[in-house]
Amino acid sequence: MWFSDGWTVTKRNLTKLKRSPDMLVFAVLQPIMFVLLFSQIYGGSIQVEGADYTQYLMAGIFAQTVIFGSTFSGSAMAQDLKDGIIDRFRTLPMSPSAVLVGRTNSDLVLNALSVVIMMGTGFLVGWRVNASMGSFLAGLGLLLLFSYAFSWVMALLGMSVKSPEVINNASFMILFPLTFISNAFVQSQNLPSALETFANWNPVSALVQAARELFGNTGTLPAPDVWPMQNAVLTVLIGAALMLVVFVPLCIRKFRLISSR
């Protein structure tokens with residue numbers, strides 16, 4: 001019952017996405033813009049010790065893509081609440097959590113498509129995978145696992161704001177510090193000391209570091225000297241598990257409170 005309800009809502013959201021291809025187009029345009037901006041315009045001015053900048057950059061772009069893509073869960077939940085879609089679901093004999101499962105599942109599909117397109121773009125600007133197929137698939141899976149877990153964070157945020165318009169500003173207040181005060185675009189040791197400490201313990205930095213390692217893009221980069229960067233894959237797995245354990249129950253509780261009004 002719960003699984004079939006979740007699958008039904010997932011199909012509903014994917015059908016809606018299929019009918020609105022502009023959502024996918026604009027979801028990938030921003031990361032493509034960042035690829036071209038950093039690799040072709042700023043790339044010549046950004047020096048990375050021990051690696052080619054394009055090889056260094058792409059893991060950061062992939063991480064940014066899946067994290068920004070997770071905001072769809074928040075904006076879509078806020079929009080569904082505004083349009084009364086949640087009220088319609090409430091009248092149906094279905095599990096309340098199915099709405100949230102369907103939302104996050106469909107956004108996972110959108111994120112997977114975005115990452116594949118980003119990888120194609122990266123290949124065009126010179127990015128290469130220097131690892132085994134198994135390692136590559138592990139890196140891809142880790143990115144998507146993190147994005148799925150983060151979608152639940154954004155879904156809770158989407159149910160907590162008053163309107164869909166607010167979610168964009170609210171999410172950027174969270175996402176910009178996380179993605180830009182990290183090792184996604186520059187090496188953290190080049191940041192001021194306080195920001196370097198933040199970057200070293202930033203979960204996004206761990207995700208980027210893990211992706212670089214699994215895609216074989218670390219080159220001869222200096223070995224990290226802080227635990228989250230030395231154990232990046234484990235840090236991401238722990239972080240994703242914690243987000244799911246904490247935010248899935250919170251989302252379901254919030255959804256039930258909204259539905260009972």
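What you are looking at is a predicted model, in which local features need pLDDT of at least 70 and side-chain atom pairs count only at pLDDT 80 or more, while totals for chains, interfaces and linings use all residues. Residues are numbered from 1 along each chain as its sequence is written, and side-chain values use heavy atoms, leaving out hydrogens and water.

Let's turn to the fold. The protein chain has 12 helices and 0 strands, where helices (H or I, at least four residues) and strands (E, at least two) are DSSP runs numbered from the N terminus. With a radius of gyration of 19 Å, close to the 18 Å from the globule rule for 261 residues, the protein chain is therefore as compact as a globular protein of that length; the radius is taken over C-alpha atoms, and the rule is 2.2 Å times the number of residues to the power 0.38. Along the principal axes, the C-alpha atoms fill a box of roughly 60 × 35 × 35 Å.

Now for the packing. Of the 261 residues, 50% count as buried (under 20% relative accessible area, with a 1.4 Å probe and protein chains only). Among contacts with a separation of 6 or more, 81% join residues 24 or more positions apart (contact means heavy atoms within 4.5 Å).

Finally, confidence: pLDDT is the predictor's confidence in each residue, from 0 to 100. Its mean for the protein chain is 86.
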